[in-house]
Amino acid sequence: MGKAKKDKILELILFFCALISLSMILLMGLFVLKEGYPIMEKVGVKNFLLGKKWSPSSDIYGIFPMILGTVAITVGALILGVPTSVMTAVFLTEFVPKKMEKLLNPAIELLAGIPSVIYGLFGMTTIVPLVREFEKTYFYQKGREIQSGYSLFAAVIILSIMISPTIINISKDALKAVDKELKEGSLALGATQWETIRQVVIPSAKSGIFAGVVLGMGRAIGETMAVIMVAGNSIKIPNSIFSPIRTLTSNIAIEISYASEGNHTEALFIPIITNST
């Protein structure tokens, strides 16, 4: 068998593997859509997506507060986590001594392997009390009730920590892949090390850094257990960063175990589609 024929067979095998993976995703999407579509017909797309009340016992299904909570928690985690993660990656690739890098890299990778429930416990015992004290110290107003600390802010802090290892590792690889000649040329023209990093290295690695941010965003959107443990799980539109919230994935995890067959179960399938998009 010739080399060209072997390459063609390998190409076909890889094509079929990719096709199987794509087919599985499409089949799962069709299944979820099939299970959830009836409730959309009964309630109406507008009422379901923009409704502000979720009360299965009254046959009312509006997921807008949970959509808003999911978006807020994801955006907040990115705002807090992306700059620190990218700067950490820059530090590890450009400034840190090699001996220290050998110690820091396993620690960062270990963060990625910690189960979500451990992050949730850390949030409950450490972050939530700190958030409560922070609100009491800097945002307390007479006549206003202090929140419990289980809030959007606490969930954002936990999620920003959880997405950091992914963004750091991918950004670090992208920064290391930048051609050394570009950096040497910039330094030879009189630029400082920081100017070289800011104007040459980071722009050259922006596609890899963006890929890390997208993967981190995917984890933030889909995270469930840690969010359940620190977000407060209140189905209402948040009026501050200290308000309790519930996300789409949290709602599915909380209610799927006791959802009665029919409208309630069907209504829990649609947030899966909304959240995945």
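**Figure 1. The order of elements along the protein chain.** From the N terminus on, the elements run α-α-β-β-α-α-α-α-α-α-α-α-α-α. That comes to 12 helices and 2 strands, where helices (H or I, at least four residues) and strands (E, at least two) are DSSP runs numbered from the N terminus. This is a predicted model, in which local features need pLDDT of at least 70 and side-chain atom pairs count only at pLDDT 80 or more, while totals for chains, interfaces and linings use all residues. Residues are numbered from 1 along each chain as its sequence is written, and side-chain values use heavy atoms, with hydrogens and water left out. The C-alpha trace spans about 70 × 70 × 30 Å along its principal axes. Of the 277 residues, 39% are buried (under 20% relative accessible area with a 1.4 Å probe, protein chains only; exposed is over 50%, partly exposed in between).

**Figure 2. The buried side of helix H8.** Here you can find Thr 196, Ile 197, Val 200 and Val 201, the buried residues in H8 (residues 193–204). They lie on the same side of H8, because they cover an arc of only 125° around the axis, taken from the directions from the helix axis to the C-beta atoms. Their packing partners are helix H3 (64–95), helix H6 (152–176) and helix H7 (180–188), with contact meaning heavy atoms within 4.5 Å.

**Figure 3. Where H3 meets H8.** The axes of these two helices come within 12 Å and cross at roughly 115°; axes are lines fitted to C-alpha atoms over the stretch in contact, and angles run from 0 to 180 degrees between N-to-C directions. From H3, look for Met 87, Val 90, Glu 94 and Phe 95, which meet Gln 193, Trp 194, Ile 197, Val 201 and Ile 202 in H8. The residues of this contact divide into 7 nonpolar, 1 polar and 1 charged; Ala, Val, Leu, Ile, Met, Phe, Trp, Tyr, Cys and Pro count as nonpolar, Asp, Glu, Lys and Arg as charged, and the others, Gly among them, as polar.

**Figure 4. Glu 255 and its neighbours.** Glu 255 sits in helix H11 (residues 248–255) and is buried, with a relative accessible area of 4%. Leaving aside residues up to four places away in sequence, Glu 255 touches Trp 54, Pro 56, Ile 235, Arg 246, His 264 and Leu 268.

**Figure 5. Two loop residues with positive phi.** Most residues other than glycine have a negative phi. Asp 59, though not a glycine, has a positive phi of about 60°. Asp 59 belongs to the loop between strand E1 (54–55) and strand E2 (60–61), and is partly exposed at 44% relative accessibility. Asn 233 also has a positive phi, near 60°, and lies in the loop between helix H10 (225–230) and H11.
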